[in-house]
Amino acid sequence: MSSASKAAIAEALSEARERTFALVEPLDDAQLNTVYSPILSPLAWDLGHIANFEELWLVQTIGGREPLHGELGRFYDAIENPRRTRGELPILRNEELRSYMADVRERTLDVLEGVEIGPDAEGPLLRDGFVYEMLLAHELQHNETMLQLLQLVDGYELPEAIEVQGDAGLDGAETVAIEAGEYEIGASARGFAYDNERPRHAVELAAFEIDRTPVTNGAYLAYMEETGAEPPLYWGRDGDEWVDTARGRREPIDAGQPVIHVSWEQADGFARWAGKRLPTEFEWEAARPRLDGLGHGWEWTSSDFLAYPGFEAFPYREYSEVFFGDEYKVLRGSSWATHPRVARPSFRNWDLPQRNQIFSGLRCARDA
Ligand SMILES: [Fe+2]
């Protein structure tokens, strides 16, 4: 790969870091260390983890260098340390945290200078710059989990870099008919994708219909009123009116916007009430080029998070493989908090069916 491509990587790494810092810029050290929720990490952990993951892959693995802080890495291991425990770990904080992030970045750029990352580079980590793409995606995906936590910070204002895109006037009435047939699912062998998106394979689908647009706040409200179903997370009441209370606001709910912060259980309940069902993740991917209203919220599917036939863990088991099974449900698409670099039709997100802290909505389907 040419030095121009290395410059592009360095530039993208620096843009991702600017976005990370822009998110936490309005907060003080006490807020960075606060545990706001047992299911979300304190922001100081996310920041240290972002840098530690970078050190592990781009400095230690690729550069062959020793870790800067000995055993520190084990406190940033996401599998070893469940989110509810992360507030008490002896992690780096305040000034020490900031200088660690800067030190790691300096070494990363130093290592990058000396590696070969073209299509002919040695090994799958360096070939086509895979490991650098992975690190960029990792940091940007953590930006989204940080934004989940930031919904709990009263008075927090989103930085300009994060735009909440609106989709006014969705009514959910129109459907798209998808013919029965064989559809190619998953990411092709070239380009960056996670192991769980591969290998690309053919899936046989029966004919089905899928809503052209996601379910709106207005439709969800009708469901709540008729059935007594739980409201989405962050909905509160001001008299007769439902308001959005995220970040300490009290803004009227816009009936025409896609609903977000619903759990899989809530999404599944809505779909049944509407006389429909959630699409499978394969149906979602097969219909993807014909859908509107994408990018406001992740969309729950009826699918469990399972390995594709011929799956091979790469580059580490803990990204996907340890989560496979019937415990987690797959979400597709992206949300307003997802960086465009992360969003792609084959991307599979997953979470527990009762969780609604993620920016998650739904779109309904039915058999044709
Ligand atoms: Fe991570």
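The model is predicted. Helix α5 covers residues 130-150, and an open sheet of 4 strands includes β8 and β9. Further pairings involve strands β1, β4 and β12, as set out below.

**Helix α5**

**The open sheet of 4 strands**

- Strands of a sheet pair through backbone hydrogen bonds, in either a parallel or an antiparallel sense.
- In this open sheet the strand order is β10-β9-β8-β11, and the pairing is mixed.
- Strands β10 (349-351) and β11 (360-361) form the edges, and each of them pairs on one side only.
- Strand β8, residues 298-305, pairs with strand β9, residues 325-332, in the antiparallel sense over 4 bridges.
- E299 has R332 in β9 as its bridge partner.

**Pairings of strand β4**

- Strand β4 (residues 208-211) runs antiparallel to strand β1 (residues 175-178), and 4 bridges join the two.
- Opposite T175 stands D211 in β4.
- Strand β4 also pairs with strand β12 (residues 365-367), in the antiparallel sense and over 3 bridges.
- The bridge partner of E209 is R366 in β12.

Definitions and conventions. Residues are numbered from 1 along each chain as its sequence is written. This is a predicted model: local features need pLDDT of at least 70, side-chain atom pairs count only at pLDDT 80 or more; totals for chains, interfaces and linings use all residues. Side-chain values use heavy atoms; hydrogens and water are left out. The expected span of a helix is 1.5 Å times one less than its number of residues. Two strands pair if DSSP finds at least two bridges between them.
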